[in-house]
Structure formats: structure tokens, C-alpha cells
Amino acid sequence: MTFRSFMDVALTEARAAAARGEVPVGAVIVDAAGQVVAQAGNRTRELHDPTAHAEVLAIRAACAKVGSERLVGHDLYVTLEPCAMCAAALASARIARLYYGASDPKSGGVAQGARVFAHPQCHHVPQVYDGIDATAAERLLKAFFAGKREGN
Ligand SMILES: [Zn+2]
């Protein structure tokens, strides 16, 4: 089976988030057969929910669809390095592979900061692939925050 990246779907969700005035981060969950199970963008402002990150919303939707609290064999694509909360959620969901785009020196919890998957208390460690379409994700984030500074 040839590798097919679903980062384009995640980037579409990130752009939609930006259009809603949310930090442009998008995520998509794909099952072992290569079918999209859930996709989401940040909705923290809209839902008044600090946990409504793209990854958490995608995990909730995928688990509801699958009818399980575990997403064994599923992959998650996200445009930005997950924060510590999302990394912990990914581990709890037993996500098989994590593909992410831009690294996040401010809030990232995978390759820096909390490095959640490196904890001995982390009971499931997904395979991690970083830098997938990172430039496109970075460009979106930069444009969003530049626009915010001008607007406010
Ligand atoms: Zn997060």
C-alpha cells in the first residue's frame, strides 16, 4: 500500500478554523483502511471550551463513530505539533501514528516542552512523523496572528 498523506484535509480544516476566527489548526483521523473517520478544526472560542482543540474534537467524533474509547489502528494528522493535553488524549485513544506539520515552540508537548510520549507513565506511544507540509501550516498560523495584530 502506498502512503497517502491526509494533511491536505487537515489544512482545509485549519483554514476553516481561521475563517471562524479560531487559531488555524486542523486535524483528521483516518482508519486502517485509509478512510477519513473524523475531521475538525479548533473551536475553543466558538464553544467557550479551552479543551476544544482540533485533535480533541476529532478524537471525540471518531470515538463516537467507532463506538469505542479506543482508536486502535487509526492515524491522526494535525497541522501543528500537539500540546500536552492533546498528546495525552492521543495516547489514551491508542492512536497508531501521529503525523504533524509545524513544530510549536510555544505550546508543543511532543518534541519539546512536556514531551508526553517520553514519560514512562505514557502507556501507549504512537509512531510520530513531524514536518508534514510544515511550511503550509506555518504560513497559515503566521498570517492569522499577523492579521490579529493589525486588527486589534
Ligand atoms: Zn491541544
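## Exercises on a predicted model

β1 and β2 form a hairpin with five residues between them, and Gly34 in the turn has a positive phi of about 85°. Helices (H or I, at least four residues) and strands (E, at least two) are DSSP runs, numbered from the N terminus. This is a predicted model: local features need pLDDT of at least 70, side-chain atom pairs count only at pLDDT 80 or more, and totals for chains, interfaces and linings use all residues. Residues are numbered from 1 along each chain as its sequence is written, and side-chain values use heavy atoms, with hydrogens and water left out.

### Exercise 1: strand partners

Solution. 
- Step 1. Apply the rule: two strands pair if DSSP finds at least two bridges between them.
- Step 2. Take β2, residues 36-41. Ile29 has Ala38 of β2 as its bridge partner.
- Step 3. Check the cover on β1. Buried means under 20% relative accessible area, exposed over 50%, partly exposed in between (1.4 Å probe, protein chains only). Five of the five residues in β1 (26-30) are buried. Gly26, Val28 and Val30 lie on one side, Ala27 and Ile29 on the other.

### Exercise 2: helix length

Why does the span of α1 agree with its number of residues?

Solution. 
- Step 1. Use the rule: the expected span is 1.5 Å times one less than the number of residues.
- Step 2. Helix α1 covers residues 7-19, which is 13 residues, so it should span 18 Å.
- Step 3. Compare. The end C-alpha atoms of α1 are 18 Å apart, which agrees.
- Step 4. Repeat for α3. Its 13 residues should also span 18 Å, and its end C-alpha atoms are 18 Å apart.
- Step 5. Look past the ends. Gly67 follows α3, with a positive phi near 75°.

### Exercise 3: the zinc site

Which residues coordinate the zinc ion?

Solution. 
- Step 1. Set the cut-off. Donors are N, O and S atoms within 2.8 Å of the metal (3.2 Å for Na, K and Ca); water is not among the atoms, so sites may look incomplete.
- Step 2. List the donors: His53 (ND1), Cys83 (SG) and Cys86 (SG), at 2.0 to 2.3 Å.
- Step 3. Read their spacing in sequence: H-x29-C-x2-C.
- Step 4. His53 is in the loop between α2 and α3, Cys86 is in helix α4, and they are 33 residues apart.
- Step 5. His53 counts as partly exposed because its relative accessibility is 22%. Cys86, at 0%, counts as buried.
- Step 6. List the contacts of His53 (heavy atoms within 4.5 Å). Leaving out residues up to four places away in sequence, His53 touches Asn42, Thr44, Cys83, Met85 and Cys86.

Note on methods. Contact = heavy atoms within 4.5 Å.
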